[in-house]
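Please look over the model below before reading my comments. They are set out as numbered points.

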Amino acid sequence: MLFTLKKFIGAILMPLPALLLLMALALLLLWFTRWQKSAKVILSLSWLFLLLFSLQPVADRLLRPIESEYVTYNGNDPVNYIVVLGGGYTFNPQWAPSSNLIGNSLPRVTEGVRLYLSHPGAKMVFTGARGANTLSNAETAARVAASLGVPRSDIVVLDRPLDTEQEAMQVAQLVGKQRFILVTSANHLPRAMRFFEAQGLQPIPAPANQLAIASPLNIWDRVMPSAMFLGHSERAWYETLGSLWQRLKGQDAAPAVDQGSSAGQPRH
């Protein structure tokens, strides 16, 4: 119940729902009250913020500092596990396996497979509970990895965790004090690392699904509002709220780790 409430409140606080609710409030004030000036201010500001959040320069400027905390992992550290965190998914057995992974999930799995191929002998670990679908998030991702050539004997499914905090707790039971590669979206990785390090774990950060564009773009891509870039703003806002909630719960500080066995890469 608490998990569902948390997700519902978080969804309402995202830029698009929040701004649409403000616009609806402004329209109600315009049509049914005398607060015409207040309604016009609310409507104008809501429209302006919706426009700004949909523009590439604004959206990617918000997202880039979060995504740039860790760089793409190309190391060859010996590890026994490559942990790929769950994300968006559905399940339709009539679709191609990869079509069941929505948004951030497929890039996480493909990055995990890339790292699996460069780390012979490692096991791929997929996390994520069952939502409204017949299969769990973890099992759906595992089937995609298997369709890409990863043997089922090298796949571990952890299908109980509902969120990142629970994923860290269950992975801790599996890997103990061993170093492992942690794969998740670049914008989610800083928050995920704090959860895992708070469990006393030694994850090696491996960002996937980078979104904030730093390479040159056509002028029309930069000046025209886009649903894609609104999504980038949403990810930045979502992770900012998540990090704030993490700090309020006192889960932003990791326990001290012996410097001789510290894992990971330098932060930027």
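The points below cover a surface patch, a helix pair and the salt bridges.

1. The model is a predicted one. A nonpolar surface patch of about 660 Å² is formed by Leu-5, Phe-8, Ile-9, Ile-12, Leu-13, Leu-21 and Trp-237. Helix α1 (residues 2-12) is the biggest contributor, with four residues. Ile-9 sits in helix α1, and its relative accessibility of 42% makes it partly exposed.

2. Helix α7 (residues 164-175) packs against helix α8 (residues 189-198) at an angle of about 40°, and the axes are 9 Å apart. The two helices are therefore oblique to each other. Their crossing is right-handed.

3. Eight salt bridges are found in the whole structure. In one of them, the side chains of Arg-114 and Glu-111 meet at 2.7 Å, N to O. These residues are three apart in helix α5 (residues 105-117), so about one helical turn separates them. Arg-114 is partly exposed at 33% relative accessibility, while Glu-111 is buried at 12%.

4. Glu-139 and Arg-143 form a salt bridge at 3.0 Å, N to O. Both belong to helix α6 (residues 137-147), four residues apart, or about one turn of the helix. Glu-139 counts as buried, at 17% relative accessibility; Arg-143, at 39%, counts as partly exposed.

5. Lys-249 and Glu-165 also meet in a salt bridge, at 3.2 Å, N to O. This pair links distant parts of the chain, 84 residues apart: Lys-249 is in the segment after α10 (227-248) and Glu-165 is in helix α7. Lys-249 is partly exposed, with 40% relative accessibility.

Note on methods
Residues are numbered from 1 along each chain as its sequence is written. This is a predicted model: local features need pLDDT of at least 70, side-chain atom pairs count only at pLDDT 80 or more; totals for chains, interfaces and linings use all residues. Side-chain values use heavy atoms; hydrogens and water are left out. Patches are made of residues with over 30% relative accessible area and no salt bridge: like charges are joined within 9 Å, nonpolar side chains (Val, Leu, Ile, Met, Phe, Trp, Tyr) within 5 Å. Accessible areas come from the Shrake-Rupley method with a 1.4 Å probe; for residues, only the protein chains shown count as cover. A salt bridge is a side-chain nitrogen of Lys or Arg within 4 Å of a carboxyl oxygen of Asp or Glu. Buried means under 20% relative accessible area, exposed over 50%, partly exposed in between (1.4 Å probe, protein chains only). Axes are lines fitted to C-alpha atoms, for helices over the stretch in contact, and angles run from 0 to 180 degrees between N-to-C directions. Angles under 35 degrees count as roughly parallel, over 145 as roughly antiparallel, 65 to 115 as roughly perpendicular and the rest as oblique. A crossing is left-handed if the near helix is turned anticlockwise from the far one by less than a right angle, and right-handed if clockwise.
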